[in-house]
There are 2 protein chains.
Amino acid sequence: MNIATVNKISRPSKKQRIDTIVESARSIFCSHGFEKGSIEDIAKDAGIAEGTIYSYFDSKRGLLNEVLRRHYSIFFDDIEQTLLSIEGPRNRLRYLIRRTLIIISEDRNMCGLRTLYAREIDDKRPSLSHDQNRRMAGLMENEIKAGMEEGSFRPDTSSRIACYMIGGALELTEYSYLRTGKPIDIDKVTDSIWQMIRGGIESREATTEPLARLIERLEHVTDRLDPM
Amino acid sequence: MNIATVNKISRPSKKQRIDTIVESARSIFCSHGFEKGSIEDIAKDAGIAEGTIYSYFDSKRGLLNEVLRRHYSIFFDDIEQTLLSIEGPRNRLRYLIRRTLIIISEDRNMCGLRTLYAREIDDKRPSLSHDQNRRMAGLMENEIKAGMEEGSFRPDTSSRIACYMIGGALELTEYSYLRTGKPIDIDKVTDSIWQMIRGGIESREATTEPLARLIERLEHVTDRLDPM
DNA sequence: ACAGAATAATGAATTTAACTCAATTATCGA
DNA sequence: TCGATAATTGAGTTAAATTCATTATTCTGT
């Protein structure tokens, strides 16, 4: 009876099986891409039958979603934790920008999957990528709003558009990295985005210098008329 | 012999045939989406055989590219023309932002195709969408650089990142419109982006407070010189 | 320890849709 | 009018996701 028991191939737990599938999927999608990496490849890699994958996942797309969800949810958890220890909306916003760039730099393959295939509008439910972007955008918008309340950001700014500008710049930086493979200079990009956010590109000379000169002259005149 | 000649279905010119195919493809892709709109559908709509499509286009993807290329190249030509008649980098940059939003608003289906399917990295050639984004980004970058030379934009800004921020914000606005269908408030979005670009979100307290103090003093002085 | 119920895994069959190509039809030049 | 050339056809091929009847394993109550 032991022999019989031993000969039977014992099955891994549900969790283990899912882990195996997702890990194989990650590996295949990263090396071949989503479209060229087939379910057959994944099943082979995981050492199981194709049908088994379908008893755990609705579709190839659903499998991709899970691969991405697992990869990025780790970062989100960490980011939300780290934010708690950073003081001030400015610093937190800057951290979010920088951190995003680091994540992008760390795994080009995964970003490729996310960028190229996860943006879908499937009639019904919004895509995972959309959820993740919302989550990140939400974190940023929080900081922008906090900054406005605190008085360090202009209250007449559209926080939504500010988020779009930051998020959009990060996405395009990511896409450029994807295409060219040229490493991202994280400090430089962070600083550039940060500078744009803070001060825009309008030259300060035009408005502030004449104004400063005027203030000086008026103060001078006022001093004479109304000595303090 | 005339009868024979008449019975023969005369073939349209090469150009006409291609036009028909592209127009049917546009119609089918717009109504069903790229993935769900099949070559069979397109052939049926155009009143031809599937094989004929393949004698004019390499692949379904290539057909999509042509649909998009035709749609957007018209706008680009017009934009480049219009730019010539606008004075100053600021105005031209603002026009580019506004105009892009108008194009997005005008055809949601087409933007859906562009946004969702045209971003690809096909090992070899960059995607059409990429080319178009480059073209638009190029136009914007020109204006930003011109603005720097002219002295109205800060010269220490990264024009690349500035483009990414503008382009990224436009893309995200587009995507949001795609998902929700909520009309874009073109003026408001243009103004918000424009404001961020020009002045950033940093509070102007540093300059406004001294100014406020001065105003107070001036009012005081004026009261004395010219009592009400 | 065992029967049988419940659950999981299998892989061959189905389906779908892009793409091919040999055969057919139309056009063109002499 | 007759080949030669080019365009069109649509049935056939291929590839890959998805399904499902069958088989294998595990679990449960006795």
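The legends below describe close-up views of a predicted model.

Local features need pLDDT of at least 70 and side-chain atom pairs count only at pLDDT 80 or more, whereas totals for chains, interfaces and linings use all residues. Residues are numbered from 1 along each chain as its sequence is written, chains are lettered from A and ligands numbered from 1 in the order in which they are written, and side-chain values use heavy atoms, with hydrogens and water left out.

**View 1. Protein surface near DNA strand C.** Around DNA strand C there are 20 residues, of which A:R17, A:T52, A:Y56, B:R11 and B:K60 come nearest (near: a heavy atom of the residue within 4 Å of the strand). By class, this surface has seven nonpolar, six polar and seven charged residues (nonpolar: Ala, Val, Leu, Ile, Met, Phe, Trp, Tyr, Cys and Pro; charged: Asp, Glu, Lys and Arg; polar: the others, Gly among them). At least two residues each come from α2 (14-32) and α4 (50-56) of chain A and from α4 (50-56) of chain B (helices: DSSP runs of H or I, at least four residues, numbered from the N terminus). The most is given by α4(A), with three residues.

**View 2. Polar contacts to DNA strand C.** A polar backbone atom of A:A49 is 2.9 Å from a phosphate oxygen (polar contact: a pair of N or O atoms within 3.5 Å). A side-chain N or O atom of A:K14 is 3.4 Å from a phosphate oxygen. For A:R11, a side-chain N or O atom lies 3.4 Å from a sugar or linking oxygen.

**View 3. Helices α5(B) and α7(B).** Helix α5 (residues 60-83) and helix α7 (residues 108-117) of chain B pack at an angle of about 130°, with axes 11 Å apart (axes: lines fitted to C-alpha atoms over the stretch in contact; angles: 0 to 180 degrees between N-to-C directions). Contact residues include B:L64 and B:L68 of α5(B) and B:M110 and B:L113 of α7(B) (contact: heavy atoms within 4.5 Å). By class, the contact has eight nonpolar, one polar and two charged residues.

**View 4. Helices α7(B) and α9(B).** The axes of α7(B) and helix α9 (residues 159-180) of chain B come within 10 Å and cross at roughly 120°. These helices are therefore oblique to each other. Among the residues that meet are B:R108 and B:R114 in α7(B) and B:E174 and B:R179 in α9(B). The contact divides into five nonpolar, three polar and four charged residues.

Definitions and conventions: A polar contact is a pair of N or O atoms within 3.5 Å; within protein, one must be able to donate a hydrogen and the other to accept it, and residues adjacent in sequence count only if both atoms are side-chain atoms. Angles under 35 degrees count as roughly parallel, over 145 as roughly antiparallel, 65 to 115 as roughly perpendicular and the rest as oblique.
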